[in-house]
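Here are my notes on the model you sent over. Have the viewer open while you go through them.

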Amino acid sequence: MSATGTEQFTFLADMLPQLVWMTDPTGFHTYFNQRWVDYTGYTLADSVGPDMWNNLLHPDDQARARQVWGHSLATGADYEIEYRFEAQAGDYRWFLGQARPRRDAAGQIVAWFGTCTDIHDQKVAAEQLRERESEFSTLADNVPQLSWMARPDGHIYWYNKRWYDYTGTTLAEMEGWGWDKVHHPDYIQPVVEFVRQAWGAGEPFELTFPLRGQDGQYRWFLTRAVPVRDAQGHTVRWLGTNTDVTEMRQLQDQLQSAYDDLEAKVAFRNLELEHEVQALRRQVGK
């Protein structure tokens, strides 16, 4: 490479947001750009060689990085790995390391060109997202209700663990409108008609109906659903729960039966009293 070409390459490499490096065919580092020096605090003279870069990695990442880099050197395959590099302040940040070989006309590797791209913020955000998802799953799977989520048109795409435990089904069976398979045939038609209208109206709703458990028995559930809206007020998904109200319905039926029985007894007693009053009147009339 000419002096002008070298200067242009150095200028370009130093302007890139990544840490840029080069090695010979054996993996011996021969070049690092200025961003490497600024980040690590090591000069080019201190950084060249086969080991300095690995010594700056987090101890938990060093063996894996050597293995992946060694595989690329042995096979000529492109290099890609995520690892943590130590900054001169002593803290670690996540980087995406990537490298490709440069070959001569005969196909022999003459050098490796690599970059390290800072992905620390993305990794932290992804980890926080995983933690929130884990917390959500833990909460959703341990609430006493059967829970679910649906698209704006009512296509259900998620159920919690309690739903599967109760129904004995899988997501493949239940996704979309598959939930009708566990509804009582005597009630399914009005339920479908009701929820279709509810999806279209986009307002919270509730409905009570029986659902079949994996034991083949039906239990009554109170379903409540609320729409989740975006900033413009558009429904983006539905959140729903199914609360087992079988015992409550049985108690209501018992109370109603007792009330009806009491009314019947009162009516019968009133009739008896009326007969007695009429009998007394006849006696007095004589």
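1. Helices here are DSSP runs of H or I with at least four residues, strands are E runs of at least two, and both are numbered from the N terminus. Keep in mind that this is a predicted model, where local features need pLDDT of at least 70, side-chain atom pairs count only at pLDDT 80 or more, and totals for chains, interfaces and linings use all residues. Residues are numbered from 1 along each chain as its sequence is written, and side-chain values use heavy atoms, with hydrogens and water left out.

2. How does the length of α5 (residues 59–75) check out? Its 17 residues should span 24 Å at 1.5 Å a residue, and the end C-alpha atoms sit 25 Å apart, which agrees. The expected span is 1.5 Å times one less than the number of residues.

3. On the inside of α5, look for Asp 61, Ala 65, Trp 69 and Ser 72, its buried residues. Buried is under 20% relative accessible area, exposed is over 50%, and partly exposed is in between (1.4 Å probe, protein chains only). The cover over these residues includes β1 (19–23), α4 (52–55), β3 (79–86), β4 (92–103) and β5 (109–118).

4. Strand β6 (residues 146–150) is mostly covered, with five of its five residues buried.

5. Who are the partners of β6? Strand β10 (residues 235–244) pairs with β6 in the antiparallel sense over five bridges, and Leu 146 has Asn 242 as its bridge partner there. Strand β7 (residues 156–159) also runs antiparallel to β6, joined by three bridges, with Met 149 opposite Trp 158. Pairing takes at least two DSSP bridges between two strands. β6 and β7 make a hairpin with five residues between them, and Gly 154 in the turn has a positive phi of about 95°.

6. Last stop: Thr 246, in helix α10 (residues 246–285). Thr 246 counts as buried because its relative accessibility is 7%. Its side chain reaches the backbone nitrogen of Trp 220 at 2.8 Å and makes a polar contact with the side chain of Asp 244 at 2.9 Å. A polar contact is a pair of N or O atoms within 3.5 Å; within protein, one must be able to donate a hydrogen and the other to accept it, and residues adjacent in sequence count only if both atoms are side-chain atoms. Leaving aside neighbours within four places in sequence, Thr 246 is in contact (heavy atoms within 4.5 Å) with Arg 219 and Trp 220.
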